[in-house]
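Open the model in your viewer and keep the selection tool ready. We will go from helix pairs to the core.

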Amino acid sequence: MMVSLKREREAEVDDDDSEDGVVAKIGRGRVAEDRRSRHCPYLDTINRSVLDFDFEKLCSISLSHINVYACLICGKYFQGRGLKSHAYTHSVQFTHHVFLNLHTLKFYCLPDNYEIIDSSLEDITYVLKPTFTKQHIAGLDKQGKLYRAYDGTTYLPGIVGLNNIKANDYANVVLQAFSNVPPLRNYFLEEENYRGIRRPPGDIMFLLVQRFGELMRKLWNPRNFKAHVSPHEMLQAVVLCSKKNFQITKQGDAVDFMTWFLNALHGALGGTKKKPSIITKAFQGSMRIFSKKLPHPDLPPEEKEALLVTEEYQEQMSESTFLFLTLDLPTAPLYKDEKEQLIIPQVPLFNILGKFTGSTEKEYKTYKENFLKRFQLTKLPPYLIFCIKRFTKNNFFVEKNPTIVNFPITNVDLREYLTEEAQVTEKNTTYDLVANVVHDGKPTEGAYRIHVLHHVG
C-alpha cells in the first residue's frame, strides 16, 4: 500500500516498511526507483571508525527500541526518519545525511528521505549482522590467517578481546571459552539451527540464545571494524534472565556463572533431562556415586557400631549426569623458606583426578548429616570441563587456595577413571586443552583471564 510523501512527513515516527521517497507511481501497479538511490552524494561522509553495533539498539534521545536508525557519520542511534523524528532533526541540525535502519538493514539519506542502494555499504551491514555459510564454518579450524580490521589492527577470528565494561570479566572468560568449543560455536554461528525453536508466551530465556548467537558471530567475524567486541547486549540479557543474580557492575564467580549459563541455555533450547540440546551433546557425561551415611561423631562407640549394620547406613549407588567435574585441591601448607617467602605448593592434575578412581573416599558434611562418598565415571563427554575448587567460604571471609596445578596440554587420558564396562565401550578417552581460565589476585578483589588455543593451518 502506498501513502503520499506529504502524509509520511506529517507523521512523527514513520513506518519502517514504507517505501515512500524510494519509489514513485508511474501508472497502475508500476513503480520506479528514485534515481538518487544509486547516486547519493553523501557516501564519502560515512565514518566507519565511529560505528559500533555492539550496544543496545535504542534511540539516544527517546530510549525507544522502535524504528531505530544509526547515523553513519557520528555513530549515534536515533528514532524514526519522518518529519519531526529524532533522526530527521539530527540530520538537519548537524548536516549528517546517511542513516542505517538497524532492523531492516536499509540505508537512507535524510532529510530527503530516499533509500540508498550501493554495494560499497555491504561491509557495514555485515558488521551489524555477520552471516556464515556451512562451508565457511567447516573451514574455521583449518586456517590461522590473520585478518586486518578497519582500524588497522590484525586479529584472528575467534581470538578477539571482550571488553570489560566494569566488573564482568568473570562472565567474559566463560563466554570466550565456550566460543572456542567447535560444536557449540558451529551451532550458534548458524541462526537457522535455533530460529524455529518454539518457547511459551512471555518466556524471556530465549533471549540468552539469541544474544549468545549474535556475540558468537561477532567474535568470529572475519570482517570486523575493530579487533575487540563488546558483550554489552549479551550481558544485559544475562542480568535480565538471571534476575540480577549476575551483574555487569559487580564481580561474580566464574563457576557459578558457568553453571547457571549452561543450564539456562539448555532449557531455553528446549532441552530437558530426557531431551538433549547442543549443551548436553557437547558437555554431558555420567558417573556412579557411591554414598554411605556416617553416624554422628558424638555418639558412643557401641551406638555407632549398631547403626553401621542397619540398612540406612549401608553404601548406596546412584547414577548421575554432569556438565563439569569439580576437582578438590589439597590443603595448602604455609611453608616458608630461608628468605621468609611463601612457597606455593604444586600438584599434578592426575593427583586431584584420583577423586574419580572409584576407590578414593571423601567425607561430605551437610547441616544435619555426614556422608562418605566415592565416584567413578561411566561416560565421558566430547568436551570435558574441569573446575578446580580454589575458593572456600565461611561465615567470615573467602579464602583462596594458591596451589598450582600442573597439567599436560595434549593427550590427557582419562580411561583409568572409567568403570570396567565403560573402558570397553568408550573409544576416545584422551583430551587436548582448548581453553584455560585463571583467577589473579585476592578472592574478592581479583580478576579473571583466559588462555585460548590458537588454531593454525
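Predicted model: local features only at pLDDT ≥ 70, side-chain atom pairs only at ≥ 80, totals over all residues.

Local features need pLDDT of at least 70, side-chain atom pairs count only at pLDDT 80 or more, totals for chains, interfaces and linings use all residues, and side-chain values use heavy atoms, without hydrogens and water.

**Stop 1: α8 and α9**

Select residues 206-219 (α8) and 232-241 (α9). Helices are DSSP runs (H or I, at least four residues), numbered from the N terminus. The two axes, lines fitted to C-alpha atoms over the stretch in contact, come within 9 Å and cross at roughly 160 degrees. α8 and α9 are therefore roughly antiparallel (over 145 degrees between N-to-C directions, on a scale from 0 to 180). Now show the contacts (heavy atoms within 4.5 Å). On α8, pick residues including L207, R211 and F212; on α9, their partners include E233, M234 and V238. The residues of this contact divide into nine nonpolar, no polar and four charged.

**Stop 2: α5 and α10**

Select 169-178 (α5) and 254-268 (α10). Their axes lie 9 Å apart, at an angle of about 50 degrees. Y170, A171, V173, V174, L175 and F178 of α5 meet A254, F257, M258, F261 and L262 of α10. By class, that contact has eleven nonpolar, no polar and no charged residues.

**Stop 3: the core**

Which residues touch the most other members of the largest nonpolar core? Select F178, F188, F212 and F283, from a core of 55 residues. Such a core joins buried (under 20% relative accessible area, 1.4 Å probe, protein chains only) Ala, Val, Leu, Ile, Met, Phe, Trp, Tyr and Cys through side-chain atoms within 4.5 Å. Finish on α10, which gives the most to this core: eight residues.

Technical notes
Residues numbered from 1 in each chain as written. Helix = DSSP H or I, 4+ residues; strand = E, 2+ residues; numbered from the N terminus. Parallel < 35°, antiparallel > 145°, perpendicular 65-115°, else oblique. Nonpolar A, V, L, I, M, F, W, Y, C, P; charged D, E, K, R; others polar. Buried < 20%, exposed > 50% of the residue type's maximum accessible area, 1.4 Å probe, protein only.
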